[in-house]
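Trainee: Could you take me through a close look at the cavity in this protein, and then at the helix packing beside that topic?

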Amino acid sequence: SVRGRTLWVNIVTAVVVALGVLLLGLGLAMLVDWLATLYDSSWRLVLTGAALAAAGATLVVLVMVARGQSSRIDCVAAQVDREVPQLEERWTTVTELSKAGHANNIHPAMFRQVASEANRWNPKVVVQQVVPLDRMIRALVCLALLTAVLGISVLLNSHRTKVLLKRFW
C-alpha cells in the first residue's frame with residue numbers, strides 16, 4: 001500500500017507540475033506576443049509548440065521518475081523505516097538481506113526472525129504518514145498562483161487577454 005500511494009501521489013504531482021509548466025509557457029508566450037506583437041503566426045506556433053513540448057516533457061520525465069521510485073522496494077522499505085522508528089530499520093534489513101549477494105551470508109532462521117518482526121509492525125504503519133501529500137500540495141499551490149496571475153491579467157484587460165489566448169491556441 002505504501003508503494004501504491006507513493007506512485008499515486010507522485011503521478012498526481014507530475015500532472016499538476018506539468019499543468020503548471022503549461023500555464024507558465026502560456027503566460028510567457030502571451031507576454032512575448034503582447035510585448036512584440038507577433039504578426040507572423042509561425043512564431044506563435046513556435047511559442048505554443050514550445051509550451052506544449054515543455055509540459056509534455058515534464059510530465060513524461062516526472063512519471064518515469066515516479067514509477068522508478070515506487071518500483072524500488074529498497075526505497076519503499078527505507079521510507080517506511082524512516083517514518084516508523086520503532087521498526088529499527090527491519091524492512092531495510094529484510095530488503096538488503098534478500099538481495100542475491102547477501103542471501104548466502106545469513107542464516108535462514110535469522111532472516112525469518114527479522115522478517116516476522118517487521119511483519120508484526122505492519123498494522124502500526126500508517127500509509128498516510130509514510131507518504132505525505134506535502135509535495136503535491138506545494139505543486140497545487142504553485143498551480144493556483146499561476147492561475148491567479150493569469151486570472152488577474154483577464155480582470156485587468158479581458159479583451160486583450162482573450163485575444164492573446166486565442167492566438168496562443
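Predicted model: local features only at pLDDT ≥ 70, side-chain atom pairs only at ≥ 80, totals over all residues.

Mentor: Happy to! The count comes to 1 cavity of 30 Å³ or more. On a 1 Å grid over the protein atoms alone, a cavity is a set of points where a 1.4 Å probe fits but cannot get out, and lining residues have an atom within 4 Å of a point. The largest cavity has a volume of about 50 Å³, volume being the space filled by probe spheres set on the points, which are joined across faces, edges and corners. Its lining consists of Ala29, Met30, Asp33, Arg44, Leu47, Thr48, Leu164, Arg167 and Phe168. Helices α1, α2 (41–71) and α8 (158–168) each give two or more residues to that lining; helices here are DSSP runs (H or I, at least four residues), numbered from the N terminus. By class, the lining divides into 5 nonpolar, 1 polar and 3 charged residues. Ala, Val, Leu, Ile, Met, Phe, Trp, Tyr, Cys and Pro count as nonpolar, Asp, Glu, Lys and Arg as charged, and the others, Gly among them, as polar.

Now for the packing: helix α1 (residues 2–36) also packs with α7, at an angle of about 20° and with the axes 9 Å apart. The contact of α1 with α7 has 15 nonpolar, 5 polar and 1 charged residues.

Residues are numbered from 1 along each chain as its sequence is written, and side-chain values use heavy atoms, leaving out hydrogens and water. The protein averages a pLDDT (the predictor's confidence in each residue, from 0 to 100) of 82.

Conventions:
Axes fitted to C-alpha atoms, helices over the stretch in contact; angles between N-to-C directions. 1 Å grid on protein atoms, 1.4 Å probe; cavity = no way out; pocket = protein on both sides within 12 Å on 5 of 7 lines; lining within 4 Å.
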